Amino acid sequence: MKPKRVVIAGGGISGLAAAYFLVQKAKEEKLPLDLKLLEVKDRLGGVIETRHQEGFLLEAGPDSFISEKPWGLELCRRLGLEKELIGTRTEFRRSFIFSQGKLAGVPPGFYLIAPLAIPEFLQSRILSWSGKFRVLAELFLPPEKISEDESIGHFIKRRFGREALDRVGQPLVGGIYAGDLDHLSLQATFPRFLQMEKEYGSVIRGLRASKNSLEADGSLEASGPRYSLFLSLQGGIRRIVETLAERLKGQVDFVLSSAISKISFSGQEWKIETVKETFEAEAICLAVPSYGAARLVKPFAPELAGSLSKILYESVVTVNLAYRDKDIHPVPQGFGFVVPQLEKKKIIGCTFSSIKYPGRAPEGFILIRAFLGGAFQKEVFDLPDAALEKAVRGELYEILGIKARPYFSQISRFPRSMPRYEVGHLDLVRTIREQLKNHSGLFLTGNAYTGIGIPDCIHAAEKTAATIWESVHSDIYGARV
């Protein structure tokens, strides 16, 4: 039987996972598969980039994934990486918010926008007394019937008040997406909070109803995100990429440093043109940012390209800095801090990497990672490296009192890497799905559509791979995000 030909464009976690699931399907059904993966860079992994330097383990991109969404953990198990998984250090599960010139601890049991441990919340100095009472008033506010999508910012403001949005919600929730909460879609990012309002009449009451599961994973003892759910690997997140590449060797033709210049459909097959060579395939999966997909499909699908172009992106920068223990007094007793936009700092968040996970720095050293850029600091992205490091060091001096020069620093830039799920995003994705149906054998996957995290990307890639497999082995092609 002649093998079905499939081309995947993009060698990030989405493209690699799609390739893996296609290969697994071919093995299960004992059918031949000619699979090529094209990547514009000279390496695989996309924004996942783990580096090793002088005994330090540096994460330029994501440093963890969440186990509450099971697809990342499941893939690690299938790849034989389960023994390499590590969790966050239990003794330091605490985070801070830079508030009015000082670091203030997020109270235990505070879950992103709402408190569960009321006495501890009342003792916190992040909010004023009027702000605290406004948050607790959420228990007595009737749910609103809002038929359309609303922004996260509007939701937090109407349920918990403006101060809670500015001082807590914006830095804790906005930091995840590097975006402006007044524009980000609630339904596309945190639909659980909306469901709690509908089902329980209150987010706080909804969280209390989930108290047993929160107690079981230690969230009531932790402050800020549910750190008990965060996982990494001893050798860094790139171990997932390396292992996928190893498993797929000989079964997937990896073509690196290969930029696609044009794709077209003859009515029977797809033609994928690069500067060096041309490929033919029954199906092509664009596992690239939506703006990249828009460029490729525009000549033959202008409406689809227009929809894809409506998904906007933010650019971010990470700065890893290594310090000697003796240069930091006191040593932070937590995983990091976030900075509200109203504080007017360049740093939007900071992780104490070697305190969060073991094995990130040699004995006698501390590794710190700062995040910059995003919706409120667009100009930061284009600063020269020297200016970026100077700005970060200046703010770390102000916030943590660090006067010493770092042992070394490393700057990583990720242009247009964080998709913005703006209000109406899910409707836009539905439109894209409908428009895709007009283009047999064309598929999309990636973090632009149904989730930005590693588990979300893996889950979407698995579903897309299943649909690709079905389409190339039937007379009727389907197209799906």
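Let me begin with a definition: rings of Phe, Tyr and Trp, for Trp its six-membered ring, count as a pair if their centres lie within 6.5 Å. On that basis, in this predicted model, Tyr 111, Tyr 177, Phe 190, Phe 193 and Tyr 421 form one aromatic cluster. A search of the whole structure finds 16 aromatic pairs, and one of them, between Phe 265 and Trp 270, is tilted, at 4.8 Å centre to centre with 35° between the planes.

Three strands form an open, antiparallel sheet in the order 13-14-15, with strand 13 (260–265) and strand 15 (278–281) at the edges, each pairing on one side only. Neighbouring strands of this sheet are turned by 15° against each other on average, direction ignored. Strand 13 pairs with strand 14, residues 270–274, in the antiparallel sense over five bridges, and Ser 264 has Lys 271 in strand 14 as its bridge partner.

Now to another serine, Ser 124, which lies in the loop between helix 3 (118–123) and helix 4 (129–136). Is Ser 124 buried or exposed? Ser 124 counts as buried, because its relative accessibility is 10% and the cut-off for buried is under 20%. A polar atom of the Ser 124 side chain lies 3.2 Å from the backbone nitrogen of Ile 126, and, leaving aside neighbours within four places in sequence, Ser 124 is in contact with Gly 105, Pro 107 and Lys 132. The charged end of Lys 132, in turn, sits over the ring of Trp 129, 4.3 Å from its centre.

Technical notes:
Residues numbered from 1 in each chain as written. Predicted model: local features only at pLDDT ≥ 70, side-chain atom pairs only at ≥ 80, totals over all residues. Heavy atoms only, no water. Pairing = 2+ DSSP bridges. Helix = DSSP H or I, 4+ residues; strand = E, 2+ residues; numbered from the N terminus. Axes fitted to C-alpha atoms, helices over the stretch in contact; angles between N-to-C directions. Buried < 20%, exposed > 50% of the residue type's maximum accessible area, 1.4 Å probe, protein only. Polar contact = N/O pair within 3.5 Å; in protein donor to acceptor, adjacent residues only side chain to side chain. Contact = heavy atoms within 4.5 Å. Phe/Tyr/Trp six-rings, centres within 6.5 Å; stacked < 30°, edge-to-face > 60°. Lys NZ or Arg CZ within 6 Å of the ring centre and 35° of its normal.
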